[in-house]
Amino acid sequence: MTVTPAMMPNIRYKDALAAIDFLCTGFGFEKHAVFTDEDDPSIVHHAQLLYAGQMLMVATAMGGEWTDVASMKTVAEAGGNTQTLYLVVPDVAAHCERARAAGATIIMEPKAQDYGGSTYGALDPEGNAWSFGDYDPFAD
């Protein structure tokens with residue numbers, strides 16, 4: 001079965017450029033496109049990162065028509081996570097060590113799960129919660 005990405009999470013970061021660097025170095029994403037502000041290149045209006053054909057969108061946390069009406073907040077502004085992202089990775093232990101070496105806070109060490117496969121949990125530098133595992137619900 002081939003899954004075509006139809007849902008693309010969008011995470012806002014106080015320092016989106018630093019977040020993009022971390023997500024690529026620590027979690028293995030690749031830059032697809034990064035659109036910064038012409039007057040202030042530290043502001044990321046929109047970025048697209050890829051991992052195994054899946055897309056994550058990233059932007060600098062700032063006011064705007066959609067973000068204001070949707071009450072979008074960073075983890076720090078919200079006072080905690082309201083969601084986590086799960087990413088299927090081929091080698092959970094190696095991915096965990098890569099993330100740890102890049103500065104991720106490991107909140108759950110790799111462990112086997114009752115439903116199959118193994119997972120670990122991490123926080124990125126701005127506190128967004130992520131889980132990574134080798135369980136693929138789309139696999140045959």
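Predicted model: local features only at pLDDT ≥ 70, side-chain atom pairs only at ≥ 80, totals over all residues.
Visitor: Start with α4. Which of its residues are buried?

Guide: Helix α4 covers residues 92-102, and its buried residues are V92, H95, C96 and A99.

Visitor: What covers the buried residues of α4?

Guide: The cover includes helix α1 (16-27) and the strands β3 (44-51), β6 (105-112), β7 (118-123) and β8.

Visitor: And the ends of α4: what caps the N-terminal end?

Guide: D91 does, with a side-chain oxygen 3.4 Å from the backbone nitrogen of A93. After α4 comes G103, whose phi is positive, near 110°.

Visitor: Now the charged side chains. How many salt bridges are there?

Guide: In general, side chains of opposite charge can pair when their charged atoms come close. With a cut-off of 4 Å between a side-chain nitrogen of Lys or Arg and a carboxyl oxygen of Asp or Glu, the count comes to three salt bridges.

Visitor: Which of them involve α4?

Guide: E97 and R100 both lie in α4, three residues apart, about one turn of the helix. Their side chains meet in a salt bridge at 3.2 Å, N to O. R100 also meets E109 in a salt bridge, at 2.8 Å, N to O.

Visitor: Where is the pair D21 and K31 placed?

Guide: The side chains of D21 and K31 meet in a salt bridge at 3.9 Å, N to O. D21 lies in helix α1 and K31 in strand β2 (residues 30-36), so the pair ties together parts that are ten residues apart in sequence. D21 is partly exposed, with a relative accessible area of 43%, whereas K31 is exposed, at 51%.

Visitor: Last, the surface. Which residues form a nonpolar patch?

Guide: Y86, V88, Y115 and Y135 form the patch, with about 360 Å² of accessible area together. One of them, Y135, lies in the segment after β8 (129-133). Y135 counts as partly exposed because its relative accessibility is 32%.

Definitions and conventions:
Residues numbered from 1 in each chain as written. Heavy atoms only, no water. Patch = residues over 30% accessible without salt bridge, like charges linked within 9 Å, V, L, I, M, F, W, Y side chains within 5 Å. Areas by Shrake-Rupley, 256 points an atom, 1.4 Å probe, with all protein chains shown as cover. Helix = DSSP H or I, 4+ residues; strand = E, 2+ residues; numbered from the N terminus. Buried < 20%, exposed > 50% of the residue type's maximum accessible area, 1.4 Å probe, protein only. Contact = heavy atoms within 4.5 Å. Polar contact = N/O pair within 3.5 Å; in protein donor to acceptor, adjacent residues only side chain to side chain.
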